[in-house]
Amino acid sequence: MTEKKKSRNAVSHNGARVLGHGAYLPKKILTNADLAKKLDTSDEWIMQRTGIKSRHIAADNERTSDMATRAAEEALASAKISAKELDCVIVATTTPDRTFPSVAAQVQAKLGMEQGYGFDVQAVCSGFVYALTVADAMMRVGSDRFTLVVGADTLSRILDWEDRATCVLFGDGAGAILLRAPSEKEEEEKDGVKNGIIASSLHSDGRLMPLLYTDGGVSFNKSAGVIKMQGREVFRHAVVNISDAINKTLEKAEMTAEDIDWFVPHQANARILNAVADRLRLPSEKIVVTIEKHANTSAASVPLAIHEAVADGRVKKGDLLLLEAMGGGLTWGALLMRW
Ligand code: ACO
């Protein structure tokens, strides 16, 4: 038995299985050069400090639920599952179309679902890792068969476009993963590997709100507000917190960093994800990086990166993926899944 096979079989897990994936990026692309025409910034500064070259921006009439629905439709098509078979839709978002209803309920309607239920998860940039964890936990104990987990955000609507320290960092988009409940009766994959969610570790610390928050809110001042951030402090916490969540997740799964085939981090800053990879001693060839063209798409960033790496053939069936994210709250977490 090869080393890889040994690690794949090391832990038996019975988490939600992965069936399909999808993504959506708005048509409009805003480059660093475009921003430099309006702000005191440069392509060189943004690239050097963040690794971002361009970002997609939603059209004026494009809502978070529109982007989420496009990603969801692609995930359903890739799994050859109809929306009529779905039991649950969970959308991770911080930028809902409206204060209520949830984006998930809107996605349900747009998909033509007359059955099931949906709800949103709000954990800012960590939202997708949180939502996958919630879906997995519900599917391990519940009766739902198919759950769609979407990460979708339109952060361009809560940016101060005159604040060069924040507005250059973010973009819009959506990504989705379709999950199927684990079944005791199911046959294992041919090579003896079960795909799906293995373990995760979630954290938050509300005392750190002043580092990253919006200056508005429904019950605060009846507005959505704009993002305020102490970039340097967020950076410092990100490397330490994410590394800690990863170590806790690996420990739960009885795995080591050597078992990881692909590191799919939240795309906040190339320097953060490289620093975390260095701590884990993960070679750069194993990191999925989309920040150059996507920037930070908040809850959409991890599923967008997964989608890209699967679509271009890097991530293959049976590969072990390590996901991580940190966002406003502060919230952070990590998750291991077998593709
Ligand atoms: N162009 C040019 N100069 C700029 C820009 C810009 N876009 N933005 C800031 N500067 C200037 C500052 O004004 C400052 O100038 P000064 O020295 O004259 O005062 C100088 O650059 C250095 O500013 P710093 O903030 O110290 O720069 P730093 O090296 O820390 O980089 C950055 C800033 C890129 C924001 C970095 O701190 C970072 O990535 N932090 C983490 C952000 C993050 O990960 N967020 C994730 C969560 S997002 C969410 O949850 C929604």
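Q: How many salt bridges does the count come to?
A: Nine salt bridges. The rule is a side-chain nitrogen of Lys or Arg within 4 Å of a carboxyl oxygen of Asp or Glu. This is a predicted model, where local features need pLDDT of at least 70, side-chain atom pairs count only at pLDDT 80 or more, and totals for chains, interfaces and linings use all residues. Side-chain values use heavy atoms, without hydrogens and water, and residues are numbered from 1 along each chain as its sequence is written.

Q: Which residue forms a salt bridge with Lys110?
A: Asp66, with the closest N and O atoms 2.7 Å apart. That pair links distant parts of the chain: Lys110 sits in helix 5 (residues 103-111) and Asp66 in helix 4 (residues 64-79), 44 residues apart. Helices here are DSSP runs of H or I, at least four residues, and strands are runs of E, at least two, numbered from the N terminus.

Q: Where do Glu233 and Arg236 lie?
A: Both are in helix 9 (residues 231-253), three residues apart, about one turn of the helix.

Q: Switching to rings. How many aromatic pairs by the rule?
A: One. Tyr117 and Phe119 have ring centres 6.5 Å apart and planes at 10 degrees, so they are stacked. The rule pairs rings of Phe, Tyr and Trp (its six-membered ring) with centres within 6.5 Å; planes under 30 degrees apart are stacked, over 60 edge-to-face, the rest tilted.

Q: Now domains. How is the chain divided?
A: Into domain 1 (17-185) and domain 2 (195-338), with bounds from an automatic or database domain assignment. The contact takes 52 residues from domain 1 and 49 residues from domain 2, contact being heavy atoms within 4.5 Å.

Q: What area is buried between domain 1 and domain 2?
A: About 3900 Å², with carbon and sulfur atoms giving 65%. That is the accessible area (1.4 Å probe) the two parts lose on being put together, summed over both. In domain 1, Cys125, Val129 and Ile158 lose the most area to domain 2, together 16% of what that side buries.
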